[in-house]
Amino acid sequence: MCRLHKMLVSLKSSSHNTKHLDQILTQAITTGLIQATPTWNCILRAYAKSPTPIKAILIYNHFTNSNSIHPDSYTFPGLLKACTCLHSIPKGKEVHAHVAKLGLESDVYVQNALVHFYGSTDQIYDARLVFDKMPQRDVASWNSILAAYSSNSMFEALVLFRKMMCERIGADVITLVIILSNLAQVRGGEYGSTIHGFAIKVGFSCILNLGNALMGMYVKYKKMNEALRLFSEMGCRRGVVSYTILINGYVEIGLIDMARGIFDRMVEKDIVLWNSMIRGYVEARRPDEALLLLKKMDNEKVEPDETTVVSVLAACGSLSDLQYGRLVHRSILRNNLRRDVFVGTALIAMYSMSGSIEEAMLTFYKMVDRDVFTWTTMIEGLAHYGYVNEALKLFDQMENDGFGPNEATFVSVLAACRQSGLVNEGCLLFTKMVRIHKIQPKIEHFGCLIDLLSRAGLVDQAEEFVKIMPPGERLVAYKTLLSACMNYSKIGLGLKVADKLYRLGSEDHAVYILLSNFYALAGEWSKVAEMRRNMKSFGMVKEPGISSVEVKT
DNA sequence: TTAGGGTTAG
């Protein structure tokens with residue numbers, strides 16, 4: 001009994017792996033101590049924070065169904081945390097009903113947890129409803145509702161923050177971290193300086209977490225000088241998180257070697273720092289250096305995690321290195337890494353990019369959890385290999401399985417239609433995207449559709465789509481349309497399009513060559529001469545085309 | 001007991 005008590009006490013201070021928690025649970029059941037609600041709460045809370053929060057819910061279900069334990073106000077914060085981690089909206093609502101049944105509406109901890117649950121599952125309206133009905137609120141209540149708004153609507157969050165100041169609630173470090181972490185949604189950056197000033201005034205600026213949040217804010221605004229100044233001011237207080245933020249900032253602005261310099265100076269590197277640097281090389285299109293860094297990581301006996309392998313697989317894909325990719329796949333299985341949605345999707349992308357659509361499909365069908373990214377990656381892979389009908393079938397299956405396609409999914413299927421000249425299917429998909437899925441078409445969607453219609457000779461229909469495009473993005477569309485007018489000898493429309501294209505004032509030599517060729521076809525020789533003069537006056541020289549083939553021996 | 005914080009896929 002005493003040993004179990006010690007174990008329960010230790011649960012409060014640190015997070016535990018599932019195996020350790022399972023042992024504690026078994027012991028609590030065999031000793032009968034589980035019947036005591038505080039013991040039960042303690043175990044439930046530990047599971048909620050563990051890698052398997054589902055067990056917290058299973059324990060709750062089991063004991064409440066058997067009516068052997070009576071939950072109290074200490075039960076629900078942990079339970080709601082598990083619902084939040086699992087993004088389980090129905091379970092969270094069921095728990096809310098249980099809270100109401102027990103009459104815990106005035107418990108500030110339980111109500112805060114409900115606000116947090118609704119806010120973290122994108123149910124802002126419900127979060128606000130709970131918040132507004134609370135008889136008492138503390139700073140955590142305000143922070144929870146602030147966090148709910150800040151990830152969606154920073155403007156609303158700033159209104160609330162102002163209200164918090166007016167009502168003299170008193171912001172704490174967490175309040176400022178919440179505001180800072182999403183502030184970059186607001187253009188300008190004036191608020192950032194104000195909050196920085198406020199943090200100095202109230203004496204929070206020496207707190208490491210706040211320093212990091214301020215650095216993160218400056219990095220997001222691409223104010224690297226400010227971030228660097230803060231980093232220097234933090235002196236010995238700065239930690240590995242501060243280094244990671246700085247590295248990410250340099251990666252973001254394309255100074256990868258600068259990032260590497262900082263990375264090499266850091267003595268105590270953790271896995272996130274390694275991952276940031278490896279990702280940086282992938283982003284900088286230097287995948288071979290990402291793989292070299294993985295080797296260095298291995299030499300230094302640092303175990304890669306799921307995030308590492310996702311980046312490494314992206315590097316393999318961009319190098320079309322199927323052998324290395326397969327090696328990474330085997331190491332994922334061997335090292336028992338979680339085969340989650342990220343890892344599975346990265347494997348599909350790697351196999352598709354490296355020439356093995358079969359292994360990509362095998363991975364796709366073996367996956368237990370898939371999301372919109374997984375489906376999109378597989379659809380894109382199939383379309384890329386010319387399996388257009390299979391790609392479109394998979395798109396239907398995706399919708400039937402209840403996954404809402406996004407912008408990228410529509411780019412993939414529209415590109416597939418373009419590739420096979422499927423005019424009706426392409427038009428239907430475009431309409432579906434706008435009318436049913438309420439997705440605002442972007443230049444990529446218009447590009448696919450206009451190309452599809454143009455290649456089929458339906459230039460008048462294509463022109464209708466160009467008309468609804470934003471004026472600043474029409475250059476490529478006019479080029480496509482004019483080429484089609486040439487191919488199908490649609491001189492009348494071609495003259496109109498050529499005039500619009502010319503008025504855009506592009507300095508791209510391809511535009512003037514196209515215009516010159518079209519006017520020659522139309523017999524407008526004075527215009528041909530004008531285009532040639534333009535090309536000369538801009539000093540345009542056609543760059544020789546280069547193509548290469550990689551031969552594997 | 002509650003809130004926030006550096007890395008990951010199209």
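Author: A definition to start: a helix here is a DSSP run, H or I, of at least four residues, and helices are numbered from the N terminus. The model is predicted.

Reader: Then the second largest pocket. Which helix gives the most to its lining?

Author: Helix 9, with five residues. The pocket itself holds about 630 Å³ of space. Of its 22 lining residues, Pro 77, Tyr 109, Asn 112, Ala 113 and Ala 140 are the closest to its centre.

Reader: Which helices each supply at least two residues of that lining?

Author: Helix 3 (37-49), helix 5 (75-85), helix 7 (108-120), helix 9 (139-150) and helix 11 (173-182).

Reader: How does the lining divide by residue class?

Author: Into 10 nonpolar, six polar and six charged residues.

Reader: Now the largest pocket. What is its volume?

Author: About 820 Å³. It is lined by 30 residues, and those closest to its centre are Thr 345, Ala 349, Phe 373, Thr 377 and Glu 380. Two or more lining residues come from each of helix 19 (306-318), helix 21 (341-353), helix 23 (372-384), helix 25 (407-420) and helix 27 (443-455).

Reader: Which helix gives the most there?

Author: Helix 21, with eight residues. By class, the lining of the largest pocket has 14 nonpolar, 10 polar and six charged residues.

Reader: Which residues of helix 32 are buried?

Author: Val 528, Met 531, Asn 534 and Met 535. Buried means under 20% relative accessible area.

Reader: What do the buried residues of helix 32 pack against?

Author: Helix 30 (491-503) and helix 31 (509-522).

Reader: Which exposed residues does the face turned away from the buried side carry?

Author: Trp 525, Ser 526, Arg 533, Lys 536 and Ser 537. Exposed means over 50% relative accessible area.

Reader: Which residue with a positive phi follows helix 32?

Author: Gly 539, with phi near 65 degrees.

Definitions and conventions
Residues numbered from 1 in each chain as written. Chains lettered and ligands numbered in written order. Predicted model: local features only at pLDDT ≥ 70, side-chain atom pairs only at ≥ 80, totals over all residues. Heavy atoms only, no water. Buried < 20%, exposed > 50% of the residue type's maximum accessible area, 1.4 Å probe, protein only. Contact = heavy atoms within 4.5 Å. 1 Å grid on protein atoms, 1.4 Å probe; cavity = no way out; pocket = protein on both sides within 12 Å on 5 of 7 lines; lining within 4 Å. Points joined across faces, edges and corners; volume = space filled by probe spheres on them. Nonpolar A, V, L, I, M, F, W, Y, C, P; charged D, E, K, R; others polar.
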